[in-house]
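User: Hi! I've got a chain open here and would like to talk it through with you. Ready when you are.

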Amino acid sequence: MTAQAATGQAAAGELAGRVALVAGATRGAGRAMAVELGRAGALVYVTGRTTRERVSEVGRPTETIEQTAELVTAAGGAGIAVPTDHLEPAQVKALIERIDREQGRLDVLVNSVWGGDRLIEFDTRLWDLDLDNALRMFRLGIDTHVITSHFALPLLIRRPGGLVVEVTDGTAAFNRRYRGSLCFDLTKNAPHRIAFGLAAELTEHGGTAVSLTPGFLRSEEMLDHFGVTEETWREAVAQEPHFAIAESPALIGRGVRALAADPERARWTGQSLSSGQLAKEYGFTDTDGSRPDCFGYFEDVVFGGKEATAADYR
């Protein structure tokens, strides 16, 4: 029995020899996924636009891809930071050529590029939206994913068993409800269809493609929004009661790590998955030992009116 089968989580070193690319690894879920892949021994290329020398339009200079690479290495893997704008095909092409030149393989591709939260206008009709911002969301959340896969997949399919993870916001089932802003809604539904389509295209190459979403994510930006830290996050529940179901970025990181180490991961191909679903399936927990079921909570309690609390879904 493998360590993963016994514990639900990939053991240290179980991904040794594997090469991963986490596109959009500067912060949040992207950073956590890169770190957890490193914790299982993978060599991880981490990309993004914010470096120690340059800050992206997101405007968060304290989070850089160099920091992410250092965290990957400290966790037990090998982190390599490569500044990349995934909207620039020439930069992405050069990135993949470098991975090919240095490693000759790519086993895991995580498409986690985003950076469009500041552009969302909730409860605003399409005809009242800032059109430039709306179209920029498409570029950041859809075009980047397509461009990255276009260049990365020829390297990934050289060996059977490759994994593609399309990171989004909301499961396909959850996103049947309108997300409150048309262009945001479209942007976050697109990765489900990308994963579905790639699953069909990768089948003959023995590859797996899934879409994956965190629940209510306690990202650095969200913690700052509420004026709390990862240690004091529960204080924000007074401002936003539903924050009680929030999860740390580590949960989705552990989900990707478990997927990458699962020799039977092809059973998931084409599906929409969540961090909470994978935690239940593989038996891992969040950093506090809980296993939050964000989407179950929202469907049953927030939308369904069930008499229960977030604690009942942790």
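User: Is Gly283 buried, partly exposed or exposed?

Analyst: Gly283 counts as partly exposed, because its relative accessibility is 35%. The cut-offs are under 20% relative accessible area for buried, over 50% for exposed, and partly exposed in between, with a 1.4 Å probe and protein chains only. Before we go on, this is a predicted model, where local features need pLDDT of at least 70, side-chain atom pairs count only at pLDDT 80 or more, and totals for chains, interfaces and linings use all residues. Residues are numbered from 1 along each chain as its sequence is written, and side-chain values use heavy atoms, with hydrogens and water left out.

User: Thanks! Where does Gly283 lie?

Analyst: Look in the loop between helix H9 (275–282) and helix H10 (294–303). Helices here are DSSP runs of H or I with at least four residues, strands are runs of E with at least two, and both are numbered from the N terminus.

User: What comes just after H10?

Analyst: Gly305 is there, with a positive phi of about 80°. Ala308 is also in the segment after H10, and at 22% relative accessibility it counts as partly exposed.

User: Which residues is Ala308 in contact with, leaving aside neighbours within four places in sequence?

Analyst: Ala308 touches Val301 and Tyr313. His192, on the other hand, is 30 Å from Ala308, C-alpha to C-alpha, and 116 residues away in sequence.

User: Switching to aromatics: how many pairs does the structure hold?

Analyst: There are eleven aromatic pairs. Rings of Phe, Tyr and Trp (its six-membered ring) pair if their centres lie within 6.5 Å; planes under 30 degrees apart count as stacked, over 60 as edge-to-face, and the rest as tilted. One of the pairs is Trp233 with Phe243: the ring centres are 5.8 Å apart and the planes are at 85°, so this pair is edge-to-face.

User: Where do Trp233 and Phe243 sit?

Analyst: Both are in the loop between helix H7 (220–226) and helix H8 (249–261), ten residues apart. Trp233 is buried, and so is Phe243.

User: What about the rings of Phe298 and Phe303?

Analyst: Their centres are 6.1 Å apart and their planes are at 50°, so that pair is tilted. Phe298 is buried, with a relative accessible area of 14%, whereas Phe303 counts as partly exposed at 36%.

User: Which residues form one aromatic cluster with those two?

Analyst: Phe298 and Phe303 are in one cluster with Phe174, Phe295, Tyr297 and Tyr313.

User: How about Val108, buried or exposed?

Analyst: Val108 counts as buried, at 4% relative accessibility. This residue is found in strand S4. Leaving aside neighbours within four places in sequence, its contacts are Val19, Ala20, Leu21, Leu37, Leu156, Leu163 and Ala260.

User: Zooming out, how many helices and strands does the protein chain have?

Analyst: The protein chain has ten helices and seven strands. Of its 314 residues, 54% count as buried.

User: Last one: what share of the contacts with a separation of 6 or more comes from residues 24 or more positions apart?

Analyst: Such residues account for 70% of those contacts in the protein chain.

Key. Contact = heavy atoms within 4.5 Å.
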